[in-house]
Amino acid sequence: MFFFQRKTIFYVAQGRAIRRLVVLYHSLEDLIAENDRRYEFRSSVDSTAEQDRLQRGYVECSRVLPWIHGNLGDIEHDDSEDMLKKLKKGADAARGDDTSSLKELVAAWVNQDFRPSPLIKPNDKLLRGFSSDTCGKLLCPAEWDWSNDSVKSGIRNRTSEYIVSENSWPLFVYENYQVNGNNLEEGFLKSKLLILAFKAVFTSPSSAREAEGDGDGADILENNRRARRKSEQTKVKTCVRFALSSVSSWRAVDGDFDYEAFWNNIVDYFEDVPGPVTRRKVETLLEWWTRKIFGTNHRDDLTPEVVSRMSVNALAEQRKKLEDAAFDSE
């Protein structure tokens, strides 16, 4: 019984990483099935874009949970199903915790930065979404101007001319919540809300008090590879969109807006690049996130010459001279 309880606790705890670091919507069963399909047909397999996403998800899952691939091949079918069930329980619990905490935190951040009247209530989503001028502006598709009354009215009345769907980037993903229609990549995925949300979920809520400047010194490009995982940033953007909306419970579709397709659009931006120029832009964006969240360090600048002048070495040298002087005096 004790072993069974320990195993349950382990699987549930490990499962919490899945919705945060691997996939937000797809099931583990779907990821495993796609990997098995590719293994069976080897190089002759043809794949759709969706199947490619599933396979990338499986590869990421194997990296985040390196023991899972071996377990799937070593344990009985019933035990495998039980393991996946417990992992799913942990995964869904983590997603629920994150959406719940961001619901309150996003309200606080919006109130602090925009001072809407009335203020956004932390535990109430009825006055969010497009019924709120502030949330409406942040959710408004980048190609439209929320300050235009016809745009605002069209979105709120859900007319055919102003369909809000996953095919538009919402304004809240842009730096300073401003968009350059001639260069939609300018400021893309650099908003303060995204930075705060990432810190709240992946570092700690207290670290989300400040979004300006760089992080506190841990250079993740070398020392914390976890922070470069694109799925983390994708998950945050999806959850922020949900927190700004008036939807009260987690769902895949909100009106004409498909959250799962939105998730895929962001993942594809990072992973389905058309060539080396755009790939470098993605790398530059990830490096920017690295500095914003974790800062940089200067350990490479600590050359032997520089270190020799610092107090630890200076004290050691003084102690050595003290001993040498005592020896010479004897």
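Let's start with tyrosine 177. Tyrosine 177 is buried, at 11% relative accessible area. Buried means under 20%, exposed over 50%, partly exposed in between, with a 1.4 Å probe and protein chains only. This is a predicted model: local features need pLDDT of at least 70, side-chain atom pairs count only at pLDDT 80 or more, and totals for chains, interfaces and linings use all residues. Residues are numbered from 1 along each chain as its sequence is written, and side-chain values use heavy atoms, leaving out hydrogens and water.

Now the rings. How many aromatic pairs does a search of the whole structure find? The search finds 17. Rings of Phe, Tyr and Trp (its six-membered ring) pair if their centres lie within 6.5 Å; planes under 30 degrees apart are stacked, over 60 edge-to-face, the rest tilted. Phenylalanine 114 and tyrosine 177 make a tilted pair, 5.6 Å centre to centre, with 50° between the planes. Phenylalanine 114 sits in helix α5 and tyrosine 177 in the loop between α7 and α8, so the pair ties together parts 63 residues apart in sequence. Helices here are DSSP runs (H or I, at least four residues), and strands are too (E, at least two), numbered from the N terminus. Phenylalanine 114 is partly exposed, at 26%.

Next pair: phenylalanine 257 and tyrosine 259. This one is edge-to-face, at 5.2 Å and 70°. Both residues are buried. They belong to one aromatic cluster, which also includes Trp169 and Phe242.

The charged end of arginine 241 sits over the ring of phenylalanine 257, 3.7 Å from its centre. The rule: NZ of Lys or CZ of Arg within 6 Å of the ring centre and within 35 degrees of the ring normal.
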